[in-house]
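Reader: I would like to go through this structure by question and answer. Please show it to me before we start.

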Amino acid sequence: MTELLQNLIDGLGRGSIYALLALGVAVVFGIMHLLNFAHGELITIPGYLTYWAFNQGWNWWTVVPLIIVSAVLSSLLIERVAFSRVRGASDFTLLLTSFGVHFIVAAGFLLYVSASVKPYPRPGWFADTIAVGSLNIEIFDLAVIVVTIIVLAGTTWLLQRTMFGLALRAAASDFDTARLMGVKSDSVIRGAFALSGFLAGIAGVFWIMREGQVTPTAGINPMLQGVLAALIGGLGSLRGAVLGGLVLGLAEVLLRSWLPVGIQNLTTGFVFVMIALLFIFRPGGLLSVPQVERV
Amino acid sequence: MLEVTGLTTKYGAISALRDASLTVGAGEVVGLIGPNGAGKTTLLGSIAGLLPIDSGTIRFDGNDITSGAPEKILRAGLSLVPEHRRIFADMTVEENLKIGGVTRSGAERAELLDEMAELFPVLRDKWDTPAGYMSGGEAQQLAIARALMSKPKLIMMDEPSLGLAPILVDLVFELIDTLRAQGRTILVVEQNATRMLRAADRAYVLRSGEVVATGTGAELLDRSDLFDTFVGG
């Protein structure tokens with residue numbers, strides 16, 4: 001029982017990061033049908049800035065805002081430089097463009113920074129735990145879960161209560177009709193990328209802390225987890241993205257603890273098999289969005 | 001107020017609209033009728049900025065709005081109630097209306113919301129319901145109310161009676177009368193030709209992408225040669 005609880009908290013901590021990443025992927029997908037394989041760059045770029053900042057003598061108090069701000073700016077910059085030029089193109093063109101952005105950013109760091117691992121210190125409290133009864137809860141997991149709850153509450157408020165949020169939802173549901181109502185396509189798309197970048201920035205803070213190092217391809221894992229979680233939840237559904245992230249995190253942690261010792265390394269493989277099974281029975285994901293007929 | 005001159009719009013090699021011209025004066029209710037595929041929806045879509053135009057000009061209130069972005073044309077004072085209503089199904093009635101008023105200030109939007117609640121009692125009863133749960137007639141009223149939220153100088157409606165039960169069709173035409181009485185300017189595409197001609201001040205008959213007849217509603221109703229066009233033959 002203790003072990004299960006322990007694993008649940010572990011899984012929720014992991015899943016919360018995935019949920020934030022997936023939500024960012026889903027927000028952009030909803031607006032422009034772009035499955036953004038460059039989403040991980042919003043972690044790679046702040047990751048290198050973190051490495052740079054520690055070399056300049058910064059500490060985590062100043063690095064955390066740096067990560068969030070740089071993720072937002074990177075997201076806006078990538079939209080401006082790459083995606084704004086292929087707006088309205090086929091989904092496949094958008095997909096290829098996002099791959100292109102990923103490879104260019106990775107190649108840029110490889111060429112102009114270094115191919116080797118760049119380390120930076122984790123925060124001092126990183127491995128600390130607090131005992132609750134028989135449970136040993138990592139402060140890191142607790143921090144991830146609490147921050148995620150706050151950010152999700154804030155995002156919900158933004159989407160439900162502000163005109164920007166309403167415009168974003170309207171544009172995601174029917175872009176042309178939203179424009180007919182006067183929603184400016186430029187603003188709503190940039191807003192979506194800013195929000196996506198902010199969510200990636202929050203996830204990035206924890207991801208970057210946990211890794212303790214950065215490489216040119218550091219963005220691949222967070223991107224994969226974010227995209228997978230969004231697919232599991234049902235592409236286009238924001239609630240689904242959050243749910244998908246939590247499910248993916250829990251599945252990883254629980255599988256790792258349940259699998260026999262010899263094959264624990266195959267956890268990822270088992271997760272993929274489960275995802276494949278999910279798509280056989282629910283091709284649209286957990287909370288599939290009904291396809292609106294576009295005439 | 002609205003002046004469309006020589007408008008041609010193509011889908012690939014096919015002209016959906018050929019050299020179509022029409023005018024709408026302030027305070028007028030103008031009908032646009034014709035069989036399926038005559039280009040009525042294309043014409044409204046071209047005016048609203050949804051479709052690329054091949055040639056021709058569209059002037060509104062003295063300004064050239066040809067090929068403007070939809071959000072710009074809306075800001076010029078032209079609002080379209082699109083075909084099939086296209087309400088935001090997963091948003092509530094109130095949220096749909098708020099989006100309709102996205103170009104207005106907060107205070108003005110609040111006033112307009114009150115106005116719509118009064119004009120459309122059925123919406124007031126479903127204020128917090130997701131719009132996807134509404135019946136066709138309710139959804140049509142929401143689509144019209146949503147378009148009115150931008151305080152348009154001219155409102156265009158694309159097939160507002162499409163797919164509605166007869167009693168609801170009556171309601172739509174009553175609504176057009178109410179809006180006319182408020183002094184609004186309206187351009188309506190309708191398949192229900194006879195009904196439209198009775199409701200409109202003037203009308204244009206469109207066939208195979210061309211304007212084939214124009215006149216007051218009464219004049220056109222008397223033209224037996226257009227009968228086939230009216231019934232979609």
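The turns below take up the contact between the chains, the sheets and a few single residues of a predicted model.

Reader: How many residues of chain B are in contact with chain A?
Author: The model is predicted. On the chain A side, 18 residues take part in the contact. On the side of chain B that touches chain A, α2 (70–76) and α3 (93–100) of chain B each give two or more residues. By class that side has eleven nonpolar, four polar and eight charged residues, and the number of chain B residues in contact is 23.

Reader: Which strands stand at the edges of the six-stranded sheet of chain B?
Author: The open sheet has the order β6-β7-β8-β3-β9-β10 (chain B), with mixed pairing. From one strand to the next the twist averages 15 degrees. A strand with a single partner has one side left without a neighbour in the sheet, and this is so for β6 (78–81) and β10 (210–216) of chain B.

Reader: In β7(B), which residue is the bridge partner of B:Val81?
Author: β6(B) and β7 (residues 154–158) of chain B run parallel and are joined by four bridges. Within this pair, B:Ser79 has B:Ile155 as its bridge partner. For B:Val81 the partner in β7(B) is B:Met157.

Reader: Are the residues on the faces of β6(B) buried or exposed?
Author: In a regular strand, side chains alternate between the two faces of the sheet. On one side of β6(B) are B:Leu78 and B:Leu80, and on the other are B:Ser79 and B:Val81. Both faces are covered, and these four residues are all buried.

Reader: What angle does the direction of helix α7 of chain B make with that of β8(B)?
Author: Helix α1 (residues 40–48) of chain B lies across β3 (29–33), β6, β7, β8 (185–190) and β9 (202–207) of chain B, running at about 145 degrees to β7(B). Helix α7 (residues 166–181) of chain B also packs on the sheet and touches β3 and β8 of chain B. Its direction makes an angle with that of β8(B) of about 160 degrees.

Reader: Is B:Ser161 buried or exposed?
Author: B:Ser161 lies in the loop between β7 and α7 of chain B. Beyond four places in sequence, B:Ser161 touches B:Val169, B:Val172, B:Glu190 and B:Asn192; B:Val172 is eleven residues away in sequence and 6.5 Å away in space, C-alpha to C-alpha. The cut-off for a buried residue is 20 or more other C-beta atoms within 10 Å. B:Ser161 has 24 of them, so the residue is buried.

Reader: Which residue of β2(B) is the bridge partner of B:Lys10?
Author: Four strands of chain B form an open antiparallel sheet in the order β2-β1-β4-β5. β2 (14–24) and β5 (63–64) of chain B are at the edges, so each has one side without a neighbour in the sheet. Strand β1 (residues 2–11) of chain B pairs with β2(B) over seven bridges. In β2(B), the bridge partner of B:Lys10 is B:Ser15.

Reader: With which residues is B:Gly68 in contact, leaving aside its neighbours within four places in sequence?
Author: B:Gly68 is in the loop between β5 and α2 of chain B. With 19 C-beta neighbours inside 10 Å, B:Gly68 counts as partly exposed. B:Gly6 is 62 residues from B:Gly68 in sequence and 17 Å from it in space, C-alpha to C-alpha. The contacts of B:Gly68 are with B:Gly49 and B:Ile73.

Reader: Where does α8(A) bend by about 30 degrees?
Author: Helix α8 (residues 185–211) of chain A reaches 37 Å from its first C-alpha to its last, close to the 39 Å expected at 1.5 Å a residue. The helix is mostly covered, with 20 of its 27 residues buried. A:Gly212, with a positive phi near 70 degrees, follows α8(A). The bend of about 30 degrees is at A:Gly204.

Reader: Which residue takes a positive phi in the hairpin of β2(A) and β3(A)?
Author: Strands β2 (residues 129–132) and β3 (residues 135–138) of chain A run antiparallel and are joined by four bridges. A:Thr129 stands opposite A:Glu138 in β3(A). The hairpin has two residues between the strands, and the one with a positive phi, near 60 degrees, is A:Gly133.

Methods:
Residues are numbered from 1 along each chain as its sequence is written. Chains are lettered from A and ligands numbered from 1 in the order in which they are written. This is a predicted model: local features need pLDDT of at least 70, side-chain atom pairs count only at pLDDT 80 or more; totals for chains, interfaces and linings use all residues. Two residues are in contact if their C-beta atoms, placed from the backbone, lie within 7 Å. Ala, Val, Leu, Ile, Met, Phe, Trp, Tyr, Cys and Pro count as nonpolar, Asp, Glu, Lys and Arg as charged, and the others, Gly among them, as polar. Two strands pair if DSSP finds at least two bridges between them. Axes are lines fitted to C-alpha atoms, for helices over the stretch in contact, and angles run from 0 to 180 degrees between N-to-C directions. A residue is buried if 20 or more other C-beta atoms lie within 10 Å of its own, exposed if 12 or fewer, and partly exposed in between; C-beta atoms are placed from the backbone. The expected span of a helix is 1.5 Å times one less than its number of residues. The bend at a residue is the angle between axes fitted to the seven residues ending there and the seven starting there.
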